[in-house]
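Reader: Hello! I would like a close look at one part of this model, told as one connected story. Could you walk me through how the helices are built and how they sit against each other?

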Amino acid sequence: MDQVKKILGVVWMLLALVVAYYGLTVFGIPKIMSEKQEDNVFGWIILTVLMPIIVGGLGIFGWYSFKGEFADKNM
């Protein structure tokens with residue numbers, strides 16, 4: 001079971017990278033460059049508030065899982 005947790009830790013870290021890329025290229029930068037004020041505000045909220053929370057949470061959880069912090073021997 002600990003091996004599965006380590007593999008899923010890598011999956012979570014890769015998911016953090018995918019979310020960061022998708023958030024920047026689809027939601028963040030194009031919305032900031034938009035002429036409409038609603039899109040501009042939405043883009044800044046995505047980049048400054050939501051992206052660090054989501055990517056940071058996925059990355060930290062994946063790192064801890066990969067390093068074995070959630071192993072059965074530590075519980």
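This is a predicted model: local features need pLDDT of at least 70, side-chain atom pairs count only at pLDDT 80 or more; totals for chains, interfaces and linings use all residues.

In helix 2, a kink of about 45° lies at Leu50, shortly before the proline Pro52. In helix 1, a kink of about 45° is centred on Leu24.

Next, how do the two sit together? Helix 1 covers residues 2-32 and helix 2 covers residues 37-67; they pack at an angle of about 170°, with their axes 8 Å apart. Angles over 145 degrees count as roughly antiparallel, and helix 1 and helix 2 are therefore roughly antiparallel to each other. Sorted by class, the residues in the contact of helix 1 with helix 2 are 22 nonpolar, eight polar and four charged.

The buried residues let you follow this packing from both sides. On helix 2 they are Asp39, Gly43, Ile46, Met51, Leu58, Gly62 and Ser65, and these buried residues pack against helix 1. On helix 1 the buried residues are Gly9, Ala16, Ala20, Gly23, Gly28 and Ile32, which in turn pack against helix 2.

Start with Ser65, which lies in helix 2. Buried means under 20% relative accessible area, so Ser65, at 8% relative accessibility, counts as buried. Not counting residues up to four places away in sequence, Ser65 touches Lys5, Lys6, Gly9 and Phe70. Gly9 is itself among the buried residues of helix 1. For a sense of distance, Ser65 and Tyr22 are 43 residues apart in sequence and 23 Å apart in space, C-alpha to C-alpha.

Then move to Gly59, also a residue of helix 2. Leaving aside neighbours within four places in sequence, Gly59 is in contact with Met13 and Ala16; Ala16 is one of the buried residues of helix 1. Gly59 and Val11 are 48 residues apart in sequence, and their C-alpha atoms are 9.8 Å apart in space.

Finally, return to Leu24 in helix 1, the residue on which the kink of that helix is centred. At 37% relative accessibility, Leu24 counts as partly exposed. Leaving aside neighbours within four places in sequence, its contacts are Ile29, Pro30, Leu47 and Met51, and Met51 is one of the buried residues of helix 2. Leu24 and Gly59 are 35 residues apart along the chain, with 16 Å between their C-alpha atoms.

One last stop lies just after helix 2, where Gly68 takes a positive phi of about 90°.

Methods: Residues are numbered from 1 along each chain as its sequence is written. Side-chain values use heavy atoms; hydrogens and water are left out. Axes are lines fitted to C-alpha atoms, for helices over the stretch in contact, and angles run from 0 to 180 degrees between N-to-C directions. Helices (H or I, at least four residues) and strands (E, at least two) are DSSP runs, numbered from the N terminus. Angles under 35 degrees count as roughly parallel, over 145 as roughly antiparallel, 65 to 115 as roughly perpendicular and the rest as oblique. Ala, Val, Leu, Ile, Met, Phe, Trp, Tyr, Cys and Pro count as nonpolar, Asp, Glu, Lys and Arg as charged, and the others, Gly among them, as polar. The bend at a residue is the angle between axes fitted to the seven residues ending there and the seven starting there. Buried means under 20% relative accessible area, exposed over 50%, partly exposed in between (1.4 Å probe, protein chains only). Contact means heavy atoms within 4.5 Å.
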